[in-house]
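Subject: Structure for you to look at

Hi,

Here is the structure I promised to pass on. Have a look when you get a moment, and then read on for what turned up.

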Amino acid sequence: DGDDDDSSDDGTADVATCTGDYRIDDIDTTADMAAVAGCEVITGDLSIESTWLTDLDGLSSLVSVGGELLVEDNSVLAQVAGLSLLTTVGDSLRLEDNNALTDVDGLSALHSVGGDLFLWDNDIVTQVSGLSSLSSVGGYLEIYGNNSLTNLQGLSSLASVGGDLNVYDNYSLSNLDGMASLTWVGGALYVYDNDALISVDGMANLTSVGGSLWVNDNEALTQVDGLTSLGSVGGDLEIDQNPVLVDLAGLSSLSSVAGHVLIRNNNLLPNLDDLSSLSSVGEFVSIASNDALAQVDGLSSLTSVAGYLDIGLNQVLSSVDGLSSLTSVGAGLHIHSNAALTDVDGLSSLTSTGGVEIASNGALVNLAGLANLTFVGGDVSIFGNLSLCQSLVDAFIAACSACGAVGDSTGNDDGC
């Protein structure tokens, strides 16, 4: 696929440069390896796929790959020590489906990857200490489906990821402690479906996420304290289906979310106190199905929501007093199916919204908190609130001269 060039124009010895792309596979592995023997620089791509190689010792001269380095589906490859001189990969580095690989110690000289770094489905890799010199990844960093991986200590020098950082489906991963040098993620940060993960403390120096932050489906995660330096999220914030999460203390510095905020299905989360710095949300806010959530006082700095505000199915939520600074909701206000909610007094500063739906809040007895709501751009629906006097509903609708059409207003208490 390529040509060797190991001398300069004046005839002196130079770097052994192999030009073009090279592929090593199971058809003629010996010849393929001979073609790259002695190469110090490969200008194009190097792929090592579906071979019966147990090691990569034949690549022991390799210092740089200008394109992509792919090591995939090599079922008996036990180690990559043959790559011990490799310092740079110009495009992506992909280590995928190498089921006999126990570590990546052979990559200890690697300091930069220009494209993506994918560590996927290497079933018995337990640690990534071999990446200890890696300081930057230009594209995505994905650590996925490595069932024996217990920690990320080997990423201790990593300071920046230009694209998304995805850590998911690593069943034995208990912490992210190895990422203490990480300060910036240009894309999204996704941490999800890591069954043994108990904390994200290793990200204490992360100040900015350019895309979304998702912390979802981590069955053992109790807190997110490791995100204490994070001030802004350029996309969405999702904290969803973390069944033993008990606080959001790590988000205490977060002041803005450009996309939506979704906090849902966190069964032990009692409050949102640690979101007290959050003042602006670019899209919708949904606080739903958090069985232990008793109050939302932590949203006291929130002044506007560009999309809709949805508060629903929080069975012990008794008040929304934490929304006392909220003045506008762009798309609509939806408060529904909160069995213990008795009033909406916390919405007393709200003056405009795109619509109103207050439904199936069985303990709700008054609407006094909506007294300053003077503009509703869409429909007004207040229904199925069994303890709320119909006369109060009728009075609110009558007083709202700048409201849209009246939707459903049935199923409230007609006896008072």
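Before the rest, some ground rules. This is a predicted model, in which local features need pLDDT of at least 70 and side-chain atom pairs count only at pLDDT 80 or more, while totals for chains, interfaces and linings use all residues. Residues are numbered from 1 along each chain as its sequence is written, and side-chain values use heavy atoms, with hydrogens and water left out.

Searching the whole structure gives 1 cavity of 30 Å³ or more (a set of points on a 1 Å grid over the protein atoms alone where a 1.4 Å probe fits but cannot get out; lining residues have an atom within 4 Å of a point). The largest cavity holds about 60 Å³ of space, the volume being that filled by probe spheres set on the points, which are joined across faces, edges and corners. Its lining consists of Leu93, Leu95, Leu107, Leu117, Leu119, Val128, Leu131, Leu141, Ile143 and Leu155. At least two lining residues come from each of strand 9 (93-96), strand 11 (117-120) and strand 13 (141-144) (strands are DSSP runs of E, at least two residues, numbered from the N terminus).

Strand 9 runs parallel to strand 7 (residues 69-72), joined by 4 bridges, and parallel to strand 11, again with 4 bridges. Glu96 stands opposite Glu72 and also opposite Trp120 in strand 11.

Now for two backbone details. Most residues other than glycine have a negative phi. Asp97, in the loop between strand 9 and strand 10 (112-113), has a positive phi near 55°. Asp193, in the loop between strand 17 (189-192) and strand 18 (208-209), has a positive phi of about 60°. Asp97 is partly exposed, because its relative accessible area is 28%, and Asp193 counts as partly exposed because its value is 27% (partly exposed lies between buried, under 20%, and exposed, over 50%, with a 1.4 Å probe and protein chains only).

Best wishes

Conventions. On a 1 Å grid over the protein atoms alone, a cavity is a set of points where a 1.4 Å probe fits but cannot get out, and a pocket is an open set with protein on both sides within 12 Å along at least five of seven lines; lining residues have an atom within 4 Å of a point. Two strands pair if DSSP finds at least two bridges between them.
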